[in-house]
Amino acid sequence: MRRLLPLVFTAFVASATAAPATPIPDAAKLRLSSANVVVLDAEQGRAVYSKAADEVTPIASLTKLMTAMVVLDAGQPRDELLEIDMDDFDYIKGSRSRLGMGAALTRDEMLRLALMSSENRAASTLARHYPGGMLAFVAAMNDKARSLGMTRTHYDDATGLSPRNVSTANDLAKLVRAASEYPLIREYSTTPAHHVEVQPTGETLGFRNSNALVKDAEWDIQLQKTGYIREAGRCVVMLATIASRPVVIVLLDSIGKLTRVADAQRVKYWLETGESLPASAFKRAVQKVKQKVTPKRKPEGKSRGVQGKFAATTAGRG
């Protein structure tokens with residue numbers, strides 16, 4: 001079962017009472033396919049592995065962690081109904097959504113879907129209903145990034161569909177640390193699946209998490225976000241407990257649907273054992289993920305009620 005750890009990231013500076021540093025495993029035994037990587041010991045505040053971690057790159061839906069922080073910082077009513085309109089449609093990548101024109105959910109439900117299922121229209125309508133509208137929202141995102149010391153980060157929209165949303169692995173580690181201080185972001189980003197009742201029709205839709213690892217009993221994940229657009233490749237950030245320590249993992253620009261998951265499994269095994277993940281264990285881990293992300297087919301005529309049971313991830317969604 002996941003634990004929401006009381007994380008205090010301001011205590012990074014070493015003190016006389018700080019715990020002794022944990023030995024860093026041999027980096028030569030960690031071979032990752034992701035182009036930009038940082039693995040951070042969150043308790044000690046030090047990187048235990050990095051790869052091109054200061055290279056600026058598009059970040060796709062990892063953007064939505066900042067979107068969520070700006071929404072929560074604004075303190076607007078979470079039970080207010082927000083309605084999807086044409087301004088929330090994706091004219092950049094053409095990604096699809098089952099939240100159609102006129103669909104309404106509370107701000108709280110929009111936030112959950114944006115984080116767990118990387119719902120672009122939900123993220124867009126959250127930004128559009130911000131005081132001052134979309135432009136003010138994006139400005140607040142960039143202001144927040146500067147306040148967190150994310151000096152190589154720029155936001156262009158609230159969804160991550162724009163390839164002009166860019167950052168670095170090191171900057172995103174700061175974003176994960178900051179986002180982890182919001183209990184709702186921790187909870188919503190790691191919700192395995194969720195149903196919503198869309199107004200005004202009362203239709204019930206099911207959504208699932210874009211990161212299959214949240215359902216894996218061998219992982220203890222406190223926060224996560226995935227991302228994908230062609231320019232960014234497959235991306236994932238996580239805060240997880242590994243070998244009894246909180247660890248921030250940032251994996252950017254992975255090629256192939258399962259590469260970021262495979263790299264995450266390699267990082268976990270390396271931190272736990274100090275060794276490279278054996279090929280046999282790697283195959284088992286990938287097979288588990290395939291089983292979790294492949295939706296079960298329902299017999300024809302039995303799909304009434306909850307639409308399609310759970311939404312599959314679509315292009316540009318994470």
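# Rings, strands and a cavity

Student: Where does Arg-121 lie relative to Phe-89?
Tutor: Arg-121 lies over the face of the Phe-89 ring, at 3.8 Å from the ring centre. Keep in mind that this is a predicted model.

Student: Which ring does Arg-98 lie over?
Tutor: Arg-98 lies over the face of Phe-207, and the distance to the ring centre is 4.8 Å.

Student: Which residues are closest to its centre?
Tutor: The largest cavity is lined by 10 residues, and the closest to its centre are Ser-95, Arg-96, Ser-97, Asn-120 and Arg-121. Arg-121 is the residue that also lies over the face of Phe-89.

Student: How does the lining divide into nonpolar, polar and charged?
Tutor: One residue of the lining is nonpolar, three are polar and six are charged.

Student: And aromatic pairs, how many?
Tutor: There are two aromatic pairs. In one, the ring centres of Tyr-49 and Trp-270 are 6.0 Å apart and the planes are at 75°, so the pair is edge-to-face.

Student: Where in the chain do Tyr-49 and Trp-270 sit?
Tutor: Tyr-49 is in strand E2 (residues 46–51) and Trp-270 is in helix H7 (residues 259–273). They are 221 residues apart, and the pair links distant parts of the chain.

Student: Tyr-49 and Trp-270, buried or exposed?
Tutor: Tyr-49 counts as buried because its relative accessibility is 12%. Trp-270 is buried too, at 0%.

Student: How far is Gly-45 from Val-248?
Tutor: Their C-alpha atoms are separated by 9.7 Å, while Gly-45 and Val-248 are 203 residues apart along the chain.

Student: Now helices. How many residues of H2 are buried?
Tutor: In helix H2 (residues 107–116), 10 of the 10 residues are buried, so H2 is largely enclosed by the rest of the structure. Among them are Arg-107, Asp-108, Glu-109 and Arg-112.

Student: What happens just after H2?
Tutor: Ser-118 takes a positive phi of about 55° there, although Ser-118 is not a glycine. Ser-118 is in the loop between H2 and helix H3 (120–128), and at 0% relative accessibility it counts as buried.

Student: Which other residue has a positive phi although it is not a glycine?
Tutor: Asp-253 has one, also of about 55°. Asp-253 lies in strand E11 (residues 245–254). With a relative accessible area of 27%, Asp-253 is partly exposed.

Student: What about H5, how many residues are buried?
Tutor: Nine of the 11 residues of helix H5 (residues 169–179) are buried, so H5 is largely enclosed by the rest of the structure. The buried ones include Asp-171, Leu-172, Leu-175, Val-176 and Arg-177.

Student: On to strands. Which way do the side chains of E7 point?
Tutor: They alternate along E7 (residues 193–198).

Student: In what sense do E7 and E8 pair, parallel or antiparallel?
Tutor: E7 and strand E8 (residues 203–208) pair in the antiparallel sense, over six bridges. The bridge partner of Val-198 in E8 is Glu-203.

Student: How many residues lie between E7 and E8?
Tutor: Four, and the two strands form a hairpin. In the turn, Gly-202 has a positive phi of about 80°. Pro-200 lies in the loop between E7 and E8 as well.

Student: Is the Gln-199 to Pro-200 peptide bond cis or trans?
Tutor: The bond from Gln-199 to Pro-200 is cis, with omega near 5°.

Key:
Residues numbered from 1 in each chain as written. Predicted model: local features only at pLDDT ≥ 70, side-chain atom pairs only at ≥ 80, totals over all residues. Heavy atoms only, no water. 1 Å grid on protein atoms, 1.4 Å probe; cavity = no way out; pocket = protein on both sides within 12 Å on 5 of 7 lines; lining within 4 Å. Nonpolar A, V, L, I, M, F, W, Y, C, P; charged D, E, K, R; others polar. Phe/Tyr/Trp six-rings, centres within 6.5 Å; stacked < 30°, edge-to-face > 60°. Buried < 20%, exposed > 50% of the residue type's maximum accessible area, 1.4 Å probe, protein only. Lys NZ or Arg CZ within 6 Å of the ring centre and 35° of its normal. Pairing = 2+ DSSP bridges.
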